[in-house]
Amino acid sequence: QMKSGWSQDFNYVVVLASEKSLAVMVADPVKKEVRVLDLPGNLMLPVVGMKGELKATSVWKFGEGEGNPISITKRSVESLLGIKVDGLVYTRSLNDAKVNGKTFVRPSVTDISGVDNFRLTRFIMSLREDQTRRIELSDQGEVKVLPDGMEVREIEWARLEGTRREFVNEK
C-alpha cells in the first residue's frame with residue numbers, strides 16, 4: 001500500500017498524460033491555486049533513457065516499449081522543466097481530468113497513492129474557477145515540418161524562462 005507523499009505544506013506536481021496530450025499540474029496549497037501547463041502534442045521533448053527527442057505524445061508509448069512508461073515520462077518532464085514531478089496519471093483522455101470541474105481523474109495508470117489522489121481531488125474541488133490557471137504553449141515556438149511530413153514544435157526554453165518560472169512559482 002502506497003503512503004501519502006504530500007503534506008499540503010508544499011506543492012504537488014503531477015504529469016497528466018493521455019494518448020493525445022501531455023500536461024503538468026502544480027497543486028499549490030500555499031497560494032491556494034492550481035496551475036496547469038499544457039504541452040502541445042507536437043512539442044519535441046528530450047527523452048530520458050534515449051539520446052534524442054520525441055513528440056510529447058510519443059513519450060508514453062516509448063516508455064511502454066521500454067517497460068517503464070511512468071518513470072520515463074516523469075523523468076522526461078522533469079528534465080524539460082527542471083522540477084521534481086511527484087506523480088503521474090495516465091488516462092484515456094485528459095477531458096476526463098477536469099481540473100476545475102467536479103472530477104479530478106479516473107486514472108487508467110497512476111503512481112499516486114489513493115490517499116494523495118483523494119487529497120488532490122478534495123483540494124481541487126475546493127478551489128474557485130479563478131484559482132485555476134492554465135498556461136498554454138500551443139502558440140509558442142516554431143513548427144517545423146520534417147522530411148517525412150511530420151510536424152513538430154520546437155521551443156527555445158531560454159526565451160520562455162519567464163513562463164517556466166511562473167509555472168513552477170520561482171522568483
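Visitor: How many of the residues in β2 are buried?
Guide: Seven of its seven, so to speak mostly covered, where buried means under 20% relative accessible area, exposed over 50%, and partly exposed in between, with a 1.4 Å probe and protein chains only. Keep in mind that this is a predicted model, in which local features need pLDDT of at least 70 and side-chain atom pairs count only at pLDDT 80 or more, while totals for chains, interfaces and linings use all residues. Residues are numbered from 1 along each chain as its sequence is written, and side-chain values use heavy atoms, with hydrogens and water left out.

Visitor: Which residues sit on each side of β2?
Guide: Leu 22, Val 24, Val 26 and Asp 28 are on one side, and Ala 23, Met 25 and Ala 27 are on the other. Both faces are covered.

Visitor: And what does β2 pair with?
Guide: Strand β1 (residues 12–17) runs antiparallel to β2 (residues 22–28), with six bridges joining them. Two strands pair if DSSP finds at least two bridges between them. Strands themselves are DSSP runs of E with at least two residues, helices are runs of H or I with at least four, and both are numbered from the N terminus. β2 also pairs with strand β3 (residues 33–39), again in the antiparallel sense, over seven bridges.

Visitor: Which residues face each other there?
Guide: Tyr 12 has Ala 27 of β2 as its bridge partner, and Val 13 stands opposite Val 26 in β2. On the β3 side, Val 24 is partnered by Leu 37.

Visitor: What about the turns?
Guide: β1 and β2 are joined by a hairpin through four residues. The hairpin of β2 and β3 has four residues between the strands too, and Lys 32 takes a positive phi near 55 degrees in it.

Visitor: New topic: how many aromatic pairs does the structure hold?
Guide: One. Trp 60 and Tyr 90 are stacked, at 4.3 Å centre to centre and 10 degrees between the planes. The rule is that rings of Phe, Tyr and Trp (its six-membered ring) pair if their centres lie within 6.5 Å; planes under 30 degrees apart count as stacked, over 60 as edge-to-face and the rest as tilted.

Visitor: Which parts does that pair tie together?
Guide: Trp 60 lies in helix α1 (residues 59–66) and Tyr 90 in strand β6 (residues 87–90), so the pair links parts that are 30 residues apart in sequence.
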